[in-house]
Amino acid sequence: MSLPDRPRRLRMTPAMRRLVAETRLHRAELILPMFVREGLAEPAPVGSMPGVMQHSMDSFRAALNEAAAAGIGGVMLFGVPEKKDAIGSGATDEDGILNQATRVAVSEVGDALVVQTDLCLDEFTDHGHCGVLDATGRVDNDASLARYRDMALAQAAAGSALLGLSGMMDGQVAAVRDALDTAGFTDTALLGYAAKYASAFYGPFREAVDSSLTGDRKSYQQDPANRREGLREASIDLDEGADVIMVKPAMAYLDVLADVAAISTVPVWAYQVSGEYAMIEAAAANGWIDRERAIMESLIGIRRAGADAVLTYWAIEAAGAISR
Ligand code: PBG
């Protein structure tokens, strides 16, 4: 039979498929989120994220060197403090756990990896919100920006190369840029969590950071129903001077990611969040899914939708799989 179109010709052999692949994943495009917990002598496994640890300082050093050896692009650091309070004092304390961990990471692997830090108060506040509260208990946008400014200065001073603004307060990119520039940190880059949705897929992360949150983040994170709003948030972050913007979570928001990638003038990243990790691990542990194939398919799907880089808890393993 004479068929003009036989797309299967390009699928016949592994060599042909490899040659015509439209999307590739490189190790340098993977960023590993890491948790460092104050006061730990030994690393503590995160139950809902098999293979992920809350690190002690020693296990953190070892994991950083493993990440550098794997050739990934960077690490995104989260701190879990021993003490929390209403304003998240540990976030701005130069000896707070995240700032300590940042100095360690910069000295261990600062040349090989882009050391990045989460700039958000939720790990440090006793109420667990990403900002500070007003007298009526609501998250106070502008008072939170003042805290973010101070947090940015502490993180930049600790050597973080890129600050991940994940709090979803309005004006956070502009506020932090201004604080950094005024203090002379003009080279510290900003990652705007442009489109960040109020997602059930953050569930395991809340265990990873011992979150104190009761209630939800729906007054500042976006409604999963809203696609256009993702573009609006991205445009605002671009206008405010974000060096990179992000869409989060990844898998349930690939449409938003594609929209944002189509208009962005800066790199667009996506965060494959804790629940995306946990789902594949749990299904694989039950023998219901081919673990490695599912991991690589999820990552290539995120790249294909438009992410230039991906934050993933599988960064080291995926880097190994890519190099094989
Ligand atoms: C906020 C923050 C969260 C995550 C990253 N940064 C939690 C939240 O918004 O509730 C979630 C990441 C994940 O689920 O892997 N500091």
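Predicted model: local features only at pLDDT ≥ 70, side-chain atom pairs only at ≥ 80, totals over all residues.
Residues are numbered from 1 along each chain as its sequence is written, and side-chain values use heavy atoms, with hydrogens and water left out.

Let's start with the ligand. How many residues surround the ligand? There are 18, and the closest are D122, R206, K248, S274 and Y313. To be counted, a residue needs a heavy atom within 4 Å of the molecule.

Now some polar contacts, meaning pairs of N or O atoms within 3.5 Å; within protein, one atom must be able to donate a hydrogen and the other to accept it, and sequence neighbours count only if both atoms are side-chain atoms. D122 puts a polar side-chain atom 2.7 Å from a ligand nitrogen. S274 has one 2.7 Å from a ligand oxygen. For R217, a side-chain N or O atom is 2.8 Å from an oxygen atom of the ligand. And how much of the ligand does the protein cover? On its own the ligand has 400 Å² of accessible area, and the protein covers 100% of that. Those areas come from the Shrake-Rupley method with a 1.4 Å probe; for residues, only the protein chains shown count as cover.

By class, the shell around the ligand has eight nonpolar, three polar and seven charged residues. Here nonpolar is Ala, Val, Leu, Ile, Met, Phe, Trp, Tyr, Cys and Pro, charged is Asp, Glu, Lys and Arg, and the others, Gly among them, are polar.

Next, empty space. Rolling a probe the size of a water molecule over the atoms shows where empty space is left. On a 1 Å grid over the protein atoms alone, a cavity is a set of points where a 1.4 Å probe fits but cannot get out; a pocket is an open set with protein on both sides within 12 Å along at least five of seven lines, and lining residues have an atom within 4 Å of a point. Points join across faces, edges and corners, and volume is the space filled by probe spheres set on them.

The whole structure has one cavity of 30 Å³ or more. The largest cavity has a volume of about 140 Å³. Its lining has 18 residues, with D122, K196, Y202, F205 and K248 closest to the centre. And what takes up that space? The ligand does.

On to the pockets. The largest is about 620 Å³, with 13 lining residues; R17, A21, T23, R24 and I300 lie nearest its centre. Helix 1 (14-20) and helix 10 (291-305) each supply at least two lining residues, and helix 1 has the largest share, four. Helices (H or I, at least four residues) and strands (E, at least two) are DSSP runs, numbered from the N terminus.

The second largest pocket is about 320 Å³. It has 16 lining residues, and L32, G51, V52, Y313 and I316 lie nearest its centre. Strand 1 gives the most, four residues. Its lining splits into eleven nonpolar, two polar and three charged.

Last, the backbone. The peptide bond from K248 to P249 is cis, with omega near -10 degrees. P249 is in the loop between strand 8 (244-248) and helix 8 (254-263). M168, which is not a glycine, has a positive phi, near 60 degrees, and lies in the loop between strand 6 (162-165) and helix 5 (172-182).

How values were computed. Sits in = over half its atoms within 2 Å of the grid points.
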